[in-house]
Number of protein chains: 2
Amino acid sequence: MENFVAYNPTKLHFGKDVTDILGKTIEKFGKRVLLVYGGGSIKNNGIYDKIISQLKSIDARIFEYQGIKPNPVYEDVDAAAKLGRDNNVDVILAVGGGSVIDSAKIISITIPVNNTCWDFYENKIKPQKAIPVISVLTLAATGTEMNPYAVLQNNKTKQKWGYGNDLLYLKHSFLDPQNTFTVPKNYTAYGITDLIAHCLEAYFGKGDASLSDSFVYAIIKEAIKYGPPLLDDLQNYDLRAKIMYAATAALNRTTLYGRVSGDWGVHSIGHVLSLLYDIPHGASLSIAYPAWLKFQKNNIPDRIAELGKNIFNVNTPDETITAFEAFFKSIECPLKLSDIGIEKNNKQIIFDGMISNKVTGMNHKLNPEDYEKLIDLMLSPL
Amino acid sequence: MENFVAYNPTKLHFGKDVTDILGKTIEKFGKRVLLVYGGGSIKNNGIYDKIISQLKSIDARIFEYQGIKPNPVYEDVDAAAKLGRDNNVDVILAVGGGSVIDSAKIISITIPVNNTCWDFYENKIKPQKAIPVISVLTLAATGTEMNPYAVLQNNKTKQKWGYGNDLLYLKHSFLDPQNTFTVPKNYTAYGITDLIAHCLEAYFGKGDASLSDSFVYAIIKEAIKYGPPLLDDLQNYDLRAKIMYAATAALNRTTLYGRVSGDWGVHSIGHVLSLLYDIPHGASLSIAYPAWLKFQKNNIPDRIAELGKNIFNVNTPDETITAFEAFFKSIECPLKLSDIGIEKNNKQIIFDGMISNKVTGMNHKLNPEDYEKLIDLMLSPL
């Protein structure tokens, strides 16, 4: 067991109608609010009106930034930060999924500086302070609502990177499972894949941490048990709640205590696919994880087998990989690149993307000589 | 799944030599330090010297309160609070197990008021602020290092109660498994029993929370797997670490999310036994829990069977109870009152203690008409 720090100051409000106290929670930080959201779906499902009503109840001055993209780009963050800076906002309210909340986190540290936010990603500057951020989550997937990480992409440099800093912890997150009722079936499934992948990144991380391993098994089994029935019953409150909390628990550090770090190699591959082809994050992971497991199965057979034993009650690395593939397929997530229309002629493009993104892993390092094999495994039929 | 708030602001530093940064961590809060500890064992095992050296490195002004009892009493808290108040301390450093840290938490809210601390327990006053508290844990058991609860007893009124308030969260806790190396075998076992009991209190609490149930299973299985080998190898770092982290996870709210509350009926029974006979907390629980399970087995057979299925792979309530008893016995914890020398002529005394402590439960309510049966179950041979 490795030394670790357990710390998570975010206050998570979970359950039915928790946003009823959103206004008075925001008011503690001030009334000048930068409201950040995505393509506008919250205007169709009633969430926008609910939020605005809460903000009006405290006579908030609202500055809106609409249009954060599903794979969020740094230009939006810079533009939203300028809006916030020019209007001297007290607090940022992020309403959406991982892309919106990740963007809001980086906006919060960009407002106080006169740099592009990408300078943080390139480690040219370090954040010294952050505007408080509060989130209303509308998609169960990334866990960003209770962690200090944010992923952004830069289409100019063809890079999609994660960034972590304790200043990125949100002050409050509001998780009402009802706010996920209108998430369509495919995106609900991608969220399930994403939360499973987060558990696996922890499991394949550095350091022996038996209890954190058991938490990994528990969360993945929760997703496998309650995910498929949810996909057949998208407005079932209790199933939405189970998956929503599982997604938070999968990446609020609970699975990391006792380790030096997670691995994150598969995420770095997935990010390249999303960057190049604008595919949903979860869909990139159901392709990349089986490939990575196949690539690693002779390097870490016992570790993969132990996972399969505890999740699926199977015994070998091959059976474990087959069981994960069968699960991803059962929830209609893609398993290979051709499932999303990416054929073999893209090999060089993907390879170049992996090079420019310095794809690796924090425990099981990947090198450029591994990339070709990994790409083949993502391309090849089952 | 019930609505819940997930929030835990304590920063936990876990691992080898983490107290190397104790001094500079304390210094952020000030240099006037109230040092609180127990009977003085820390002076024999080197921990005291290590702490003093850290305090000297920041030129701290130290005010010492020695002598917190294993079952801590309110008079010590009042006296230590007076010492802190008279000397205008900036921060409290608690070095010890649950009794010392629980006392320090209540000292922290008593210093700012002119009341006896027992007024908090009787709800005569509410805390408005707290002096910052930092802990160095020397016993893996109660989980107090990362939760907002504290238990004290009042020998005059014959009451031993728990108290909870968000102000009681510690600022920092330092958990170095090496600091538990000199805990003797019996107290190590009581700590294991205590952490299992905390999981069970959550499991039998109010509200359906499948993932929290799985976390309960994971933590109890960790204790059952690594507890017994630790008892045969008391200076094994990795085993000490596993049990120490399991004890924290058992009561840092991780097992409670999705529930209205835990049950805590068995703890209230155990507190009466500790109050009356000064027996270690964990030893009271290995007697009280099997009795409570037997008392409840016809009321909640499915819930008890589900627990046994997941922990021991057994199928019935009776098999579940037998398996817990066998485990407690295997680690030499008492199973009935006569194991600790309390015979049947004590029945009325225990009954009266349960009355004056208003023994009940937050989910499965216990009434005075239940007490006699519970006492019989604690007295009767297996």
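Predicted model: local features only at pLDDT ≥ 70, side-chain atom pairs only at ≥ 80, totals over all residues.

**Two copies and their labels**

Visitor: What makes you say that the copies meet through the same surface?

Guide: 100% of the interface residues of chain A are also interface residues in chain B, so the surface is the same. Chain A brings 33 residues to the contact, and chain B brings 33 residues. On chain A, β1 (4-14), α8 (210-231) and α9 (237-250) each supply at least two residues to this side. β1(A) gives the most, with 10 residues. By class, this side of chain A has 18 nonpolar, eight polar and seven charged residues.

Visitor: Why are β1(A) and β1 of chain B called paired strands?

Guide: Pairing requires at least two bridges, and these strands have seven, so they qualify. The sense is antiparallel. A:Leu12, for one, stands opposite B:Ala6 in β1(B).

Visitor: Which residues have the most contacts inside the largest nonpolar core?

Guide: They are A:Val36, A:Ile92, A:Ile219, B:Val36, B:Ile92 and B:Ile219, in a core of 260 residues. Take A:Ile92. Leaving aside neighbours within four places in sequence, its contacts include A:Leu34, A:Val36, A:Ala104, A:Ile107, A:Ile131 and A:Val133.

Visitor: What makes α11(A) mostly covered?

Guide: Count its residues. In α11(A), 15 of 16 are buried. Buried requires 20 or more other C-beta atoms within 10 Å. Helix α11 of chain A (residues 281-296) reaches 22 Å from its first C-alpha to its last, close to the 22 Å expected.

Visitor: Why is B:Asn88 called exposed?

Guide: The cut-off is 12 or fewer C-beta neighbours within 10 Å, and B:Asn88 has 11, so B:Asn88 counts as exposed. B:Asn88 lies in the loop between α3 (74-86) and β4 (91-96) of chain B. Its phi is near 55°, a positive value in a residue other than glycine.

Visitor: How do you know whether B:Asn123 is buried or exposed?

Guide: By the count again. B:Asn123 has 8 other C-beta atoms within 10 Å, so B:Asn123 is exposed. B:Asn123 is in the loop between α5 (118-121) and β5 (133-137) of chain B. B:Asn123 has a positive phi of about 55°, although it is not a glycine. Most residues other than glycine have a negative phi.

Technical notes: Residues numbered from 1 in each chain as written. Chains lettered and ligands numbered in written order. Contact = placed C-beta atoms within 7 Å. Helix = DSSP H or I, 4+ residues; strand = E, 2+ residues; numbered from the N terminus. Nonpolar A, V, L, I, M, F, W, Y, C, P; charged D, E, K, R; others polar. Core = buried A, V, L, I, M, F, W, Y, C linked by C-beta atoms within 7 Å. Expected span 1.5 Å × (residues − 1).
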